[in-house]
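Dear colleague,

Please find the structure below, handed over for your records. My notes on it follow.

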Amino acid sequence: MALTKGDREALKNMFCGRCAYCGAELADRWHADHVEAVRRRSKYVRDRGFVATGEMDRPENDCLTNMMPACVPCNIDKHSFTLEQWRKKLSETCGVLQRNNPNYRHALRFGLVQETGTKIRFYFETTAGDGSPARCASDRQNGFAAGGAVMMPPFATNASKGDQQHG
């Protein structure tokens with residue numbers, strides 16, 4: 001679905017201009033993430049590579065109530081994972097780095113990085129997400145994980161719905 005300027009502004013302000021996942025301030029270029037993925041279809045065209053067909057699987061997920069404001073790195077990394085699949089992937093990052101990255105192992109040995117074992121909590125799980133000026137000011141004053149009621153988006157109860165297709 002094509003979002004209007006008003007839709008994008010409301011979505012961006014849902015968490016005071018912050019990424020719903022990591023809490024970083026959103027830059028000028030940010031993504032409206034489908035929390036429950038839609039899979040956009042593409043086809044291979046000779047001399048052009050893969051080209052979008054304009055079709056998608058799960059079009060019912062292409063709605064504003066299934067969207068969250070996301071910084072580009074979070075949206076790209078999340079890809080088409082469910083929130084729990086992505087949380088699991090993120091929680092395994094240190095192990096992957098230890099196995100595959102000698103620079104990371106070296107940084108660990110010299111104390112340049114320290115693994116904390118911190119449980120992955122998304123920003124939207126730490127804030128009310130009401131976008132009100134008072135909440136935004138409080139979030140900025142208190143830092144990344146401002147306290148408050150946990151906002152459960154409408155899709156949160158259906159986190160396991162869907163399959164593992166990418167796209």
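Predicted model: local features only at pLDDT ≥ 70, side-chain atom pairs only at ≥ 80, totals over all residues.

Residues are numbered from 1 along each chain as its sequence is written, and side-chain values use heavy atoms, with hydrogens and water left out.

The protein chain has 6 helices and 4 strands; these are DSSP runs numbered from the N terminus, helices being H or I of at least four residues and strands E of at least two. Their order from the N terminus is α-β-β-β-β-α-α-α-α-α. With contact taken as heavy atoms within 4.5 Å, 62% of the contacts between residues at least 6 apart in sequence join residues at least 24 apart.

Strands β2 (residues 39-45) and β3 (residues 49-57) run antiparallel and are joined by 6 bridges; two strands pair if DSSP finds at least two bridges between them. Arg39 stands opposite Asp57 in β3. The two strands form a hairpin with 3 residues between them, and Asp47 in the turn has a positive phi of about 70°.

Two further residues deserve a remark on phi. Most residues other than glycine have a negative phi. Cys16, in the loop between α1 (5-13) and β1 (31-34), has a positive phi near 60° and is buried, at a relative accessible area of 13%. His79, in the loop between α2 and α3, has a positive phi near 55° and is partly exposed at 36%.

In helix α3 (residues 83-91), the buried residues are Leu83, Trp86 and Arg87. Seen down the axis of α3, they fall within an arc of 105°, so they line one face of the helix; the arc is that of the directions from the helix axis to the C-beta atoms. These buried residues pack against α2 (72-78).

On the surface, Phe110, Leu112 and Val113 form a nonpolar patch with about 340 Å² of accessible area together. Areas come from the Shrake-Rupley method with a 1.4 Å probe, and for residues only the protein chains shown count as cover. Patches are made of residues with over 30% relative accessible area and no salt bridge (a side-chain nitrogen of Lys or Arg within 4 Å of a carboxyl oxygen of Asp or Glu); like charges are joined within 9 Å, nonpolar side chains (Val, Leu, Ile, Met, Phe, Trp, Tyr) within 5 Å. Leu112 counts as exposed at 68% relative accessibility.

With kind regards

Conventions:
Buried < 20%, exposed > 50% of the residue type's maximum accessible area, 1.4 Å probe, protein only.
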